[in-house]
Every structure is written in C-alpha cells, then in structure tokens.
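Here is a short report for a first look at this structure. Please keep the sequence and the 3D view open while reading.

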Amino acid sequence: MKRRTFLQASAAGIAGALTGTAGLLTWVPRAHAATITTAYSITDGYITQPDGVNVYFKGYSDSATGLNVPASSFIVQEGDTVQVTINNTLGTDHSFVIDGVVDSGVIAAGTSKTVSFLASTAGSYLFYDKLNTPYNRAVGLHGAMAVMPTGSANTLYAGSPSFVKQLFWVYNECDPAVNEAVRTNSTPPPLSSYVPRYFTINGLSARPPGAPGYDDPAINSYYDPRTALAGYIGDRTLVRVLSAGLCTHSMHFHANHVELLTRNGSVLADIWLKDVVSLDNNMGSADLIYPFDPPPDAWPPVSTGNFVMHLHNEQTQTSGGGSYQFGAQTSIKFK
Amino acid sequence: MGMGTACYVYPGAPATPGIVTPDISFDRGVYMNGSVTMDDGRAIEVWGFTQGGMMGNQFPSPPMRVREGQIVHTNFTNNGMMWLHTIHHHGIEPSTENDGVGHTSFDVDGSYTYQWKASNAGTYFYHCHTNTVLHAEMGMYGALIIDPPDGSKRAFTGAPLYDVEAIWACDEFDSSWHTLNWDAGTCGADVGLNDMRPDYFIISGVDGASSALTDTRAAVSMNAGQALLVRYINAGYTPQRINFGGLSGDVIASDGRPLPNAVPATSWKSTAAERYDIMFYPTTPGIYEVTVEYLHWVTGAVIGTARTRINVN
Ligand SMILES: [Cu+2]
Ligand SMILES: [Cu+2]
C-alpha cells in the first residue's frame, strides 16, 4: 500500500463531462454516436464506517489522490465508442471489466491502460476488477455505466415504460477481514465464512434521526442525492440496481409498488408490480421504476410523506453487529 | 427490559390523522414471553402480537383478514414503559403516520390506531418495524389477507376459485438471537445481528424438521379435483426455494398484485418478505411432500430444510 489517507466516501457523483449534477442524472440524447472518453485512477485508502471503524478500500477514483467507492457512474448512448483510461497508482495488478463488453486484461502495478469498446446495447452495467475474483471487486473496485437507447432521454430500452429521472444504486457489503486480506495481499477467508459487517448503497450506510451525520448527505445514504428517491406525484424514477457484492438481497419499497423491468441484464417479458425485489448473490442486478403514484392505501388520501426503501434481509440493516437503522437503506420522499 | 437503555427510538402515540369510522378493526397488543418447543425438545423464546392486551402466545401472530375496499383500523396498544414496537402492514401503502416505521413516524408508546384502506386484494403480512432485525426474527409477524370485494374464494377479482387455502409463512430461527433484549444493539454494541446462522426452519410457526409434516397449521388435506390456493410468504431473512413435491402449480400473483400471465412451476425461489400466490389442481390422490430449502445468502448452498405435505384424498 502506498498511502494511508483517511477519507469519507465522496458523494460527488459526477463523472467528468458525461453526467449531470449529483443525484439527478440528466441526459440529452445526441443524433449521432460519439466517442466518449473518461478516466479513473486506481487508488486506495480508508473509509470510516458508521461505528467509527476505519476500513481499507480500493477504488476507481476521480483523481490519483482521492478515493471513490463506488466509482463515479457515467452514461453513454447506444453506438457510442467508449474509451476509458485507467491509471493504476497501486503496487498491485488490477483490471477493468464489463462482462460481455470489455476486458482490459492485467493493468500492471504502476501502469496505465486505455480500453475502447462499443456501447452496443442499452441497459445498466457494472464495471469491476475481475482479478482476484470476487475480492478486488468487493473491496471497492467497481462502478456503474448506463447505455441509453438511441434518441431517447426517458426509456431504459427502446419501447420500455418511460421515466422522468434516473438513479444508480450500487450495492455492496463489507467483511473487514476480506479488505484486510486484500490490503496485505494474503488469502481471504472462504466465501462460506464471509460475514459482512457493513452494508452500503452507493458506498454509504444510513443514519437515523439524532445520529451523528444524520443531516450530512456526504455520509448518510438517506440524504445522498445520488441515492434518495425524492419526487412529486408522477416523477417516475428509474433505478438501475447493480450489486457489486456477494450476498443475496431483498429490496423492500414502502409507499408504492415498483415496476420491475429487468433482472440480471435480461428484459422481462411481463412487467410485475412488486413491493419486494430480489437481488441475486454475486453481482445480481435489476432495473425498476418507482412510479411516485399516490400511496394507494392511504386513508384519507395523501400525496406527500416520508418513507423508506430498505433491505428486508434485516441483518443488512445493522452496522458492526448492532446499530439497527445504520445499514443499507435510503429515504423515499413524496414532496 | 427497561426503556431507558434504547437508542434511536422515537416514542409517540399521536391521534390518527383524519380518523373515520372503519369498516373493520383489529385489536393488537404485545407479548414478550412466548415460547415454541422445537422437535428436538428445546424451547425457543418468541415475541408476538396478541388480539389485544398482553395475554397471548400465538406464533405467528393472529391473522388479519379484510376485503378489498374496506377502511381498516389496527388498534395497537403497547406498554411503552417496558418496550417499544410498531405495526407495519407489509405491502400496504398508507400515509407516513400509518406506515409503522419508527424513524419516519414513531415507535408506539401507549396506543395508536393505524388507519388504512385495503385497495388491492392479495397476500400480505404485518410485522413490527422497531429494531426490526431482532423483532421480526423473534416472531412479531402475522398473515394479512385482502379478499376480493365480494368475499369470494379467489386471490383477487378475476382469479380462479379455490376450494382449499394454505398460508405458508416460511421462516428460520437463529436461536442465539432469541435471548437478546428488545433494544439489543441499538446503542452500538456488537450483538451479532449482522450474522444470522439459522438452526431451526419453520413453516407457519411449526418446526419443519418433522412436526410440519402433519400439523394442520402447515399440512394440507384436500380431495382430488379440488383447487388449492397456497399463499407463500418468505417470512425469514434467508433466500428460499420451495419444491412442490411433484405437483405443478400456477403462480398467479405476487406481493398483492396479479401477474400479467400465470407462471407454471414445480418449484419457486423467493427472498425475504416476498409473497407468491400459487394455484394447484391435483387430480391424483397421494401424499405430496413439500420441501422448503433455505439457501446460504452468499454461496447458495442449502443450509436447512423444512417439510410439510399436501395430502390429496
Ligand atoms: Cu417490536
Ligand atoms: Cu416488511
């Protein structure tokens, strides 16, 4: 390890020129395909968990002196050529892979590599380090890319139900024993004894009212604008859910059922309305729309309110073995 | 079990906004001293909801059954001097005050009437949403069924008629969690609530090792030619795969919403808090052994199995 920087996870979800402001990812379609370039530096450092413990992570970071876990996400459109330059500042080999799309091969310690690929199919993709699978991915070397359909600003795929806004939710868990093994280049414990102690969406855990950091969107996944669902009635929000982690999860949405459009990269023939959406172990994914309809069972009817999305495998709602409400959860605000 | 030690709880017992006369109401209290005897003879502590007051020990908690279109009151009384709890009607989508999530509203300290409208027929459940990781594990849940407006024996209006109904709430216990205080871990202590290692596997409150093979809370008895509706609730935290013992069913609804097209299935996977409604039309008499396999959340390996039966006469 080259440096020991103590950082909070960055909440600035901006990928260079490719995406809009934090939280609300705006997208303006182009008439013609383009060549899109972006760059990441592979760095490491420590991130403070809700219980105060500092845990080692690696990330595809915005700069050689920062640490972003997950990487800043980016959006391109179908037909674009994407060039990603990865500057590996660490003393260990890493890679950059999107399954079925691109594989950098080894990016040796202390070297840079540029990969180029065609964004041929609309959808949501996880990029990650496939070396030392799954451990390099689990300690933070992952991020999300969206490919928009040609000429569309509001669909997931050509002809899909439309949305008004879109978000990425990149899930991860953390067993500090794995992170420590990666830091020291030693053999991690087997998957059967993987026991995560921290649970995150876009790198952050939740904080309940009254907790230190409750009001800080750079710390609290409730208020991280990249993560929180917030809208008026009709603000249909596409959530691109990508798990970088190892565990099976079960997302529970309060106040509205969601429209489930894809699972594990496959478009579903029938759109089911669900209040629980499963996320498979080992990089499960889903695309869904939270419709922001008036909560159907309110009496008297309401159009505003504060709700939650949390995982219902409730051991994920903890931090460091206790601290219920400090796990993988975010807010749903009807404004 | 005093209240003084809990952190990040939000005691309250306000008046219900816009309260009206309900079409149907349920009284619920809390018991914290229940016990379930497992097939190996061990007694495991459970908590749950009563039909009012503190007397009762039913596990799972008593079901609620209403009709689509009804305004419902859940009159919840909790001795806040002792402990805090809520009722979240899972899959029901009411206003914030009536959603039963402590930190967006209040943990009930005294009495609160949850008011909500049953807008969509289907299979739901209700559970406590205070220190949920522990309280739901301890058994604080029960079935919640919304029948069609006409009360017919269908999962929803337009669904096929059923003759026989089974509600299978499939859950697991990590017995090491069942000695914890109601507020365990809330102030930051490491009490192991991140690490579930289940050692008992349960169908509708009955040990799935052997009792659920015959106990009528789980086992089904029906005649060949009849239609069976199974309301399958993943009431645990562990992914499950349910195998229908050689029968093929039609999955017709999930999470209280009809599926656009029924899906034929001889087995089905679920994760925590999902519900699936499945129709069976067995024509051949026999004993069909249903197995619920509980899967490791990382490796997918089977870590436990619960068994019950569909006896077709
Ligand atoms: Cu409770
Ligand atoms: Cu629930």
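Is B:His85 buried or exposed? B:His85 counts as buried because its relative accessibility is 0%. Buried means under 20% relative accessible area, exposed over 50%, and partly exposed in between, with a 1.4 Å probe and protein chains only.

This is a predicted model, in which local features need pLDDT of at least 70 and side-chain atom pairs count only at pLDDT 80 or more, while totals for chains, interfaces and linings use all residues. Residues are numbered from 1 along each chain as its sequence is written, chains are lettered from A and ligands numbered from 1 in the order in which they are written, and side-chain values use heavy atoms, leaving out hydrogens and water.

B:His85 sits in the loop between strand S5 (71-78) and strand S6 (88-90) of chain B, and B:His135 in helix H1 (residues 132-135) of chain B, 50 residues apart. Helices (H or I, at least four residues) and strands (E, at least two) are DSSP runs, numbered from the N terminus. B:His135 is also buried, at a relative accessible area of 0%.

**A sheet in chain B**

Chain B has an open sheet of five strands, ordered S14-S22-S21-S16-S19, with mixed pairing. Strands S14 (220-222) and S19 (267-270) are its edges, each pairing on one side only. Two strands pair if DSSP finds at least two bridges between them. S16 (residues 240-243) and S21 (residues 286-295) of chain B are antiparallel, joined over four bridges. There, B:Ile242 stands opposite B:Val292.

**Chain A**

Chain A splits into domain 1 (2-160) and domain 2 (167-334). These bounds come from an automatic or database domain assignment. The C-alpha centres of the two domains of chain A lie 19 Å apart. Contact (heavy atoms within 4.5 Å) involves 45 residues of domain 1 and 44 residues of domain 2.

A:Pro209 lies in the loop between strand S12 (198-201) and strand S13 (229-231) of chain A. Leaving aside residues up to four places away in sequence, A:Pro209 touches A:Tyr214, B:Tyr8, B:Tyr10 and B:His103.
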